[in-house]
Amino acid sequence: MSKIPDPGISDRWILSGREKKNAVDPRRPYAWNMEKERTTTGKIEETATIFLTNRECTFHCLMCDLWKNTTDETVPAGAIPGQIEWALNQLPGAKHLKLYNSGSFFDGKAVPEEDYPQIASLVSHLETVIVESHPRLINEKCLYFRDMIKPELQVALGLETVHREVLRKLNKRMTAEDFLNSVQFLSDHDISSRAFILLRPPFMSETEGIYWAERSLDFAFKTGIECCTVIPVRPGNGAMDRLMELGLFAPPRILSLEKVLEYGIKLKAGRVFADVWDIGKFSICNECLEKRINRLIEMNLTQEISEPIVCGCVRVS
Ligand code: SF4
Ligand SMILES: [Zn+2]
């Protein structure tokens, strides 16, 4: 990769590109859904995801758009359990639950600690609870919460990329070594973890995006991560759109996501999923889009390589 240009990225630069947040209600999650996910035992089971409404994350990562559905202030005690209770009533039958909060579950300003006992009681019928956290917020608090809940706890951590300079420019305020230490802390306490890995963050060509997503998968599994989700990077948060205008970012292609997913599955080091949310945005061809989405979903579920899609749109990038 040639020298990475410096557009002067800082918290201020990132924040200045933002538009207004969406209106959210602290009594309701801003989204919820149920999807099938392959579990560690190889079964395909219903997994609910609740996107909690809470205070904005204190980090300001360059590629993040999760702030759009957050509040400026900490939500009142009891609001988060109320959201969980409400959403679980809409999502009967789930065995596994992702409590994603647009930040870090263990950030006390996002999820008040006094809510933990009520949350524990609400999730007691489940087998697994997955929460997300910035790696630097992994500490004894995770053990406190783990000891309080009946289901198995898994923590999802954003690795993003192991490209040192790009990771620094993402303003995540974390190094790969920080990530490794957090995964080891969790493993030492019998808590499993999953990693979020970006496909084609800014400052990378399509080929470099694939290469570094694959190196990030290698690294994540070496640290002891159990499962990785590959996320294609998208514009839409202001900062990424400015980088696009500067020619420093372009969204990856769906074909690249297929390639990275194939690579990760072939590693046989743990589960690897492709994030297919709004995946149509990464396609340049209506002819094969649906087939490619189905192929990604199938590979997510089977963890086997499905037949490649043949289409005239494929050319060497
Ligand atoms: S730590 Fe996560 S939620 Fe917070 S800004 Fe970064 S990517 Fe967004
Ligand atoms: Zn096509």
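The donor residues of the zinc ion, ligand 2, are spaced C-x2-C-x22-C-x1-C in sequence. Cys285 sits in the loop between β8 (271-274) and α10, and Cys313 in the segment after α10, 28 residues apart, so that pair links distant parts of the chain. The protein donors are the SG atoms of Cys285, Cys288, Cys311 and Cys313, 2.2 to 2.3 Å from the zinc ion. Donors here are N, O and S atoms within 2.8 Å of the metal, or 3.2 Å for Na, K and Ca, with water not among the atoms. The angles among the 4 donor atoms run from 101 to 115°, and the site is tetrahedral (four donors, all angles between 85 and 135 degrees).

This is a predicted model: local features need pLDDT of at least 70, side-chain atom pairs count only at pLDDT 80 or more, and totals for chains, interfaces and linings use all residues. Residues are numbered from 1 along each chain as its sequence is written, chains are lettered from A and ligands numbered from 1 in the order written, and side-chain values use heavy atoms, without hydrogens and water.

Now the helices, which are DSSP runs of H or I, at least four residues, numbered from the N terminus. How do α9 and α10 cross? The axes of α9 (residues 254-267) and α10 (residues 289-302) come within 11 Å and cross at roughly 20°. That makes α9 roughly parallel to α10, meaning an angle under 35 degrees.

Helix α7 (residues 206-223) packs on α9 at about 25°, axes 10 Å apart. These two are therefore also roughly parallel to each other.

Terms used
Axes are lines fitted to C-alpha atoms, for helices over the stretch in contact, and angles run from 0 to 180 degrees between N-to-C directions. Angles under 35 degrees count as roughly parallel, over 145 as roughly antiparallel, 65 to 115 as roughly perpendicular and the rest as oblique. Four donors count as tetrahedral if all angles lie between 85 and 135 degrees; four count as square planar and six as octahedral if opposite donors are over 155 degrees apart and all others between 65 and 115; anything else is irregular.
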